[in-house]
Amino acid sequence: MDTVLITGGAGFIGSQVAQRLLARGSRVVILDSFDPFYDVRIKRRNIEMLRAAAGPRGVELVEGDLRDAAVCQHAARDATAVLHLAALAGVRPSIQDPVRTMDVNVRGTQVLLEEMRRLPSRVPLVFASSSSVYGGNERLPFRESDPVDRPVSPYAASKKAGEVQCAAFHHLWGHAVTCLRFFTVYGPGQRPEMAIHQFSRRLVNGEALPFFGDGSTLRDYTYIDDIVNGVVAALERAGGYHIYNLGGSHTTSLTALVQMIERAFGKQATLDRKPEQPGDVRQTYADVQLAERELGFRPTVSMEEGIARFARWYLAERATGNVA
């Protein structure tokens with residue numbers, strides 16, 4: 001039985017990748033600090049659901065900080081693959097506290113890489129990067145070959161640093177490394193501060209939606225099931241050092257996003273208009289041809305369908321008191 005270590009595995013993406021891996025018969029070790037950036041009860045519930053599905057022998061939880069070498073060593077001791085998702089997420093929080101963002105995302109990644117040196121070189125690493133590394137790139141769609149040396153937020157800089165750290169690690173020690181640039185992941189289980197979840201909650205509760213700029217900014221949203229497919233493919237096909245975009249390969253304006261959410265919930269939104277925020281980029285748009293060719297990745301869930309699925313999940317969770 002293979003054993004996959006997932007750092008940040010109690011979170012949105014990690015718990016859903018874990019569910020897929022358990023379904024295929026893998027054993028999963030989750031390293032998570034349960035950082036209170038958002039309600040830790042959500043992460044605890046994710047762990048409970050995984051254990052209920054797989055039993056305690058299928059899921060091991062190591063609760064601790066990524067920056068603690070002893071914790072990393074313990075979590076990675078039996079790993080046959082490592083999926084590194086743990087990070088302080090978000091552009092705006094990184095601007096408010098750039099030192100902590102760099103400490104966790106950059107130093108934490110280096111501690112993990114150092115502990116992976118204890119493992120056989122055949123153990124691959126998949127690193128969660130971000131579309132934010134493209135900064136204010138105006139060439140669309142974004143390609144992996146585009147220059148990414150001008151990030152516009154500490155979070156983006158930390159993810160670019162992680163890719164470079166992983167490249168050096170691969171060069172020195174031979175482990176296969178795949179860096180995945182995620183493009184705005186959404187769907188059931190999404191973190192509550194993310195736009196789609198936040199807009200849905202405010203709409204249902206009769207509150208105004210914070211609306212930054214004139215509504216023309218464009219985002220490439222990617223449904224969680226598509227992301228999970230891409231991550232699992234990267235774990236299965238690891239070799240060498242690679243960077244791939246994982247995105248929906250379709251853009252949606254902020255105005256169109258609000259309209260989709262209104263239709264999904266059958267309610268009219270009130271907008272609290274605000275100026276554009278520092279660190280936000282005007283557009284993201286993934287070219288996924290490389291991931292399609294080498295990983296077999298192809299986004300399958302449209303925005304309309306994805307928003308409808310999220311709305312059904314949200315209303316069901318709200319009815320049981322699991323979301324506000």
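Analyst: Start with burial: buried means under 20% relative accessible area, exposed means over 50%, and partly exposed lies in between (1.4 Å probe, protein chains only). This is a predicted model, where local features need pLDDT of at least 70, side-chain atom pairs count only at pLDDT 80 or more, and totals for chains, interfaces and linings use all residues. Residues are numbered from 1 along each chain as its sequence is written, and side-chain values use heavy atoms, with hydrogens and water left out.

User: Why does Tyr221 count as buried?

Analyst: Tyr221 has 10% relative accessibility. The limit is under 20%, so Tyr221 is buried.

User: What makes Tyr186 and Tyr221 an aromatic pair, and which kind is it?

Analyst: Rings of Phe, Tyr and Trp (its six-membered ring) pair if their centres lie within 6.5 Å; planes under 30 degrees apart are stacked, over 60 edge-to-face, and the rest tilted. Tyr186 and Tyr221 lie 6.3 Å apart, centre to centre, with 90 degrees between the planes. That makes the pair edge-to-face. Tyr186 is also buried, at 0% relative accessibility.

User: Where in the chain do these two tyrosines, Tyr186 and Tyr221, sit?

Analyst: Helices (H or I, at least four residues) and strands (E, at least two) are DSSP runs, numbered from the N terminus. Tyr186 belongs to strand S7 (residues 185-186). Tyr221 is in the loop between strand S9 (218-219) and strand S10 (222-223). The two are 35 residues apart, and the pair links distant parts of the chain.

User: How many aromatic pairs are there by this rule?

Analyst: The count is eight. One of them is Tyr134 with Phe142, at 4.7 Å centre to centre and 35 degrees between the planes. This pair is tilted. Tyr134 is buried at 3% relative accessible area, and Phe142 is buried at 0%. Elsewhere, Phe265, Phe310, Trp313 and Tyr314 form one aromatic cluster.

User: How do you know that the charged end of Arg44 sits over the ring of Phe34?

Analyst: The rule asks for NZ of Lys or CZ of Arg within 6 Å of the ring centre and within 35 degrees of the ring normal. The charged end of Arg44 is 3.8 Å from the centre of the Phe34 ring. Arg92 does likewise over Phe212, at 4.5 Å.

User: What makes S5 and S6 paired strands?

Analyst: Two strands pair if DSSP finds at least two bridges between them. Six bridges join strand S5 (residues 125-130) to S6, and the two run parallel. Ser129 stands opposite Arg181 in S6. S6 also pairs in the parallel sense with strand S11 (residues 241-246), over six bridges. There, Phe182 has Leu246 as its partner. Strand S4 (residues 81-84) and S5 pair in the parallel sense over three bridges, with Val82 partnered by Leu125.

User: Why is S5 called largely enclosed?

Analyst: Six of its six residues are buried, so S5 is largely enclosed by the rest of the structure. Leu125, Phe127 and Ser129 point one way, Val126, Ala128 and Ser130 the other, and all are buried. In a regular strand the side chains alternate between the two faces of the sheet. Strand S6 (residues 177-182) is mostly covered too, with six of six residues buried.

User: Which elements make the β-α-β unit, and what is its hand?

Analyst: S5, helix H6 (residues 154-173) and S6 make the unit, and it is right-handed. The term applies if, with the strands pointing away from the viewer, the path from the first strand over the helix to the second runs clockwise.

User: Why is Gly239 called partly exposed?

Analyst: Its relative accessible area is 28%. Gly239 is in the loop between helix H8 (224-236) and S11.

User: What lines the largest cavity?

Analyst: On a 1 Å grid over the protein atoms alone, a cavity is a set of points where a 1.4 Å probe fits but cannot get out; a pocket is an open set with protein on both sides within 12 Å along at least five of seven lines; lining residues have an atom within 4 Å of a point. The lining is His84, Ala86, Ala87, Asn105, Thr109, Phe127, Ser158, Lys159 and Gly162. H6 gives the largest share, three residues.
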